[in-house]
Amino acid sequence: MDKPLTLTYDELLAETRVALNMHIKNSSTPPDSFDRGCRSGIINFWFHLAWKTSSSDEQRYEDHRQLCLMAGLEPPADVR
């Protein structure tokens with residue numbers, strides 16, 4: 001059996017930023033709907049994994065907002 005993947009919250013966030021940057025560099029300018037969907041998918045995947053960590057809600061929401069801005073996407077409204 002494969003051993004479980006162990007990442008800290010900060011490592012997960014850093015890997016997500018690398019993946020997002022790689023996609024941004026290889027996407028069309030301006031981004032089309034496919035590119036925006038891919039960027040959104042990367043961020044949503046990170047968000048669901050981040051929920052499994054011990055980081056605070058405030059930290060997750062702020063990092064989510066920052067990733068959206070980095071991706072050129074509208075950050076979600078603050079609904080807390």
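Is Thr-16 buried or exposed? I began with this residue, working throughout from a predicted model. Thr-16 lies in helix H1. I found a relative accessibility of 8% for Thr-16, which therefore counts as buried, the cut-off being under 20%.

I next looked up the partners of Thr-16. Setting aside neighbours within four places in sequence, I listed contacts from Thr-16 to Ile-42, Trp-46 and Leu-67.

**Entry: overall fold**

I recorded three helices and zero strands for the protein. Along the sequence, I read the pattern as α-α-α. The C-alpha atoms occupy a box of roughly 40 × 35 × 15 Å along the principal axes. I noted that 26% of the 80 residues count as buried. Among contacts with a separation of 6 or more, I found that 49% join residues 24 or more positions apart.

**Entry: nonpolar core**

Which residues make up the largest nonpolar core? I counted 12 residues there: Tyr-9, Leu-12, Leu-13, Leu-20, Ile-43, Trp-46, Phe-47, Ala-50, Leu-67, Cys-68, Ala-71 and Leu-73. I then checked where they come from: H1 (9-25), H2 (33-50) and H3 (57-70) each contribute at least two residues to this core.

I turned to Trp-46, a member of that core. Beyond its neighbours within four places in sequence, I found Trp-46 in contact with Tyr-9, Leu-12, Leu-13, Thr-16, Arg-60, Asp-63, His-64 and Leu-67.

**Entry: packing of H1 and H3**

H1 supplies Tyr-9, Leu-13, Thr-16, Arg-17, Leu-20, Asn-21 and Ile-24. H3 supplies Gln-59, Arg-60, Asp-63, Leu-67 and Met-70. By class, I recorded six nonpolar, three polar and three charged residues in the contact of H1 with H3.

I finished with Ala-77, which I located in the segment after H3. At 60% relative accessibility, Ala-77 counts as exposed because the cut-off is over 50%. I also looked up the separation of Ala-77 from Arg-60, 17 residues away along the chain, and found their C-alpha atoms 14 Å apart.

Notes
Residues numbered from 1 in each chain as written. Predicted model: local features only at pLDDT ≥ 70, side-chain atom pairs only at ≥ 80, totals over all residues. Heavy atoms only, no water. Core = buried A, V, L, I, M, F, W, Y, C linked by side-chain atoms within 4.5 Å. Buried < 20%, exposed > 50% of the residue type's maximum accessible area, 1.4 Å probe, protein only. Helix = DSSP H or I, 4+ residues; strand = E, 2+ residues; numbered from the N terminus. Contact = heavy atoms within 4.5 Å. Nonpolar A, V, L, I, M, F, W, Y, C, P; charged D, E, K, R; others polar.
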